[in-house]
Amino acid sequence: VRTRVAVIGAGPAGLLLSHLLGLHGIESVVLDSRSREEIETTVRAGVLEQGTVEILSETGASDRVLTTGQKHEGMELRFDGEGHRIDFAATVGRAVWLYPQHEVLKDLVAARLAAGQDLRFGVTAERVEDAGTNRPRVVAKDAEGNTVEIEADVVIGADGSRSVTREAVTGTYGGYFREYPFAWFGILCEAPPSAEELIYSNSPNGFALISQRSPGVQRMYFQCDPATDPGAYGEEQLWEILRSRVPGTTLNEGRVFQRDVLRFRSFVAHETRRGRVVLVGDAAHTVPPTGAKGMNLAVADVVVLTEALRALLLDGDGSLFDAFPETARKRIWKAQHFSWWMTSMLHLQPGASDFDRMRQIGELRSVVESEAGRAYLAEGYTGWPLG
Ligand code: DHB
């Protein structure tokens, strides 16, 4: 198979990139080891920055994000027995939308198939060869075990945190890495939202996040030990833990129909490009979930990369393509810092002293009681400009 851009991974980064390239008339092949059904049903993140929503709606990738997504113009930070609203609209004039990642993926898959995109599910990339040349190749296996080779002008590794493309780019999987001594226990439950807006709660018992998915379904998380087995708690125990983490708020409770444990890691690959092979999204960087930057950062990567590929492949001008790693690096580290900051400010560190906990409350208070502090948080949360 020969194409202009071979994209490994049909997640938000890979599918959106093929969509944006398609608008410029640049042909691509997208492959993913997973089935379409798995991609469209796996529950992941749920918060879209305003810039992400604008890209999806203005490029025709999704109308539904505006019709069924929920616009949020603020959030609550809860600590020391009180809730404090961060007003995004008043501080930075921006907003976020609650719209599940797998719904974004459904929209993108539908849009790509309608446009005649060569989209191959159940095809597993095994390695990328000839990264240093103008004809890099993806060697993959289809569901029947047949070898598929895709030769392209550019290969994109949008294949997530366990990327196989990364080896062709960084050699030794090298990167900046941090692991956190806690995780999130996530549930979906059948009950209407407990509050209009999301609640991020720092409590003496640890962190909790009260989020939502639809008028009848809530998504909630609480800080737990990374070794926790998702089946470890009965439903009543789950509610007891959650109630103890958001004192002062009454939670709407309902049947818990999904549970999972999310690991907390920060990672940035030392290199995000080698020759004509580029890493985007989780293949290039991972953030802990607090602050919901993961998918939004993937979207920012591919928006910037689209311009670079357009100049390279249509105008023969490689300057933006050569500058891509440096351009992407700046935003990546802002998002890394923001995710680390939200995480460290809100979670109970194992072994934290009384001093550490009181200092954390002081930090939270210095954010919510300052207009500059509220604006700083709102700016990062709703997303820095893409330009
Ligand atoms: C959700 C996830 C996040 O990481 C976050 O910061 C906010 C909301 C969610 O899944 O709803």
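Ala-292 counts as buried, with 23 C-beta neighbours inside 10 Å. This residue belongs to a predicted model, in which it is found in the loop between strand 19 (285-286) and helix 9. Ala-292 is also one of the residues around the ligand. The protein is divided into domain 1 (2-72 + 99-177 + 266-345) and domain 2 (178-264 + 350-382).

**Ligand surroundings**

- Besides Ala-292, the shell around the ligand includes Ala-45, Gly-46 and Val-47, together with Pro-289, Thr-290 and Gly-291.
- Leu-198, Leu-209, Ser-211 and Arg-219 complete the set of residues around the ligand.
- By class, this shell holds 6 nonpolar, 4 polar and 1 charged residues.
- Because domain 1 and domain 2 both give residues to the shell, the ligand lies between them.

**Domain arrangement**

- The centres of domain 1 and domain 2, taken over C-alpha atoms, are separated by 29 Å.
- In the contact, 14 residues come from domain 1 and 18 residues from domain 2.
- On the side of domain 1 that touches domain 2, helix 10 (residues 319-346) gives the most, with 3 residues.
- That side of domain 1 is made up of 7 nonpolar, 6 polar and 1 charged residues.

**Nonpolar core**

- The largest nonpolar core comprises 104 residues, and those with the most contacts inside it are Ala-6, Leu-17, Ile-156, Val-280 and Leu-309.
- Helix 9 (residues 294-315) gives the most to this core, contributing 11 residues.
- This core lies between domain 1 and domain 2, because both give residues to it.
- Leaving aside residues up to four places away in sequence, Val-280 touches Ala-13, Leu-17, Ile-156, Ala-158, Ala-298, Asp-301, Val-302 and Leu-305.

- The buried residues of helix 3 are Thr-52, Val-53, Ile-55 and Leu-56.
- They cover an arc of only 160° around the axis and therefore lie on the same side of helix 3.
- The packing partners of these buried residues are strand 3 (47-49), helix 4, strand 7 (96-98), helix 6 (101-114) and helix 9.
- Helix 3 is followed by Gly-60, which has a positive phi, near 80°.
- Gly-60 is found in the loop between helix 3 (50-58) and helix 4 (64-67).
- With 13 other C-beta atoms within 10 Å, Gly-60 is partly exposed.
- A distance of 44 Å separates the C-alpha atoms of Gly-60 and Glu-240, which are 180 residues apart along the chain.

- Asp-80, a residue other than glycine, has a positive phi, near 50°.
- The position of Asp-80 is in the loop between strand 5 (74-79) and strand 6 (82-87).
- Asp-80 counts as partly exposed, with 15 C-beta neighbours inside 10 Å.
- Ala-292 likewise is a residue other than glycine with a positive phi, here near 60°.
- Ala-292 counts as buried, whereas Asp-80 counts as partly exposed.

How values were computed:
Residues are numbered from 1 along each chain as its sequence is written. This is a predicted model: local features need pLDDT of at least 70, side-chain atom pairs count only at pLDDT 80 or more; totals for chains, interfaces and linings use all residues. A residue is near a molecule or strand if its C-beta atom, placed from the backbone, lies within 6 Å of it. Ala, Val, Leu, Ile, Met, Phe, Trp, Tyr, Cys and Pro count as nonpolar, Asp, Glu, Lys and Arg as charged, and the others, Gly among them, as polar. Domain bounds come from an automatic or database domain assignment. A nonpolar core is a set of buried Ala, Val, Leu, Ile, Met, Phe, Trp, Tyr and Cys residues joined through C-beta atoms within 7 Å. A residue is buried if 20 or more other C-beta atoms lie within 10 Å of its own, exposed if 12 or fewer, and partly exposed in between; C-beta atoms are placed from the backbone. Helices (H or I, at least four residues) and strands (E, at least two) are DSSP runs, numbered from the N terminus. Two residues are in contact if their C-beta atoms, placed from the backbone, lie within 7 Å. The arc is that of the directions from the helix axis to the C-beta atoms.
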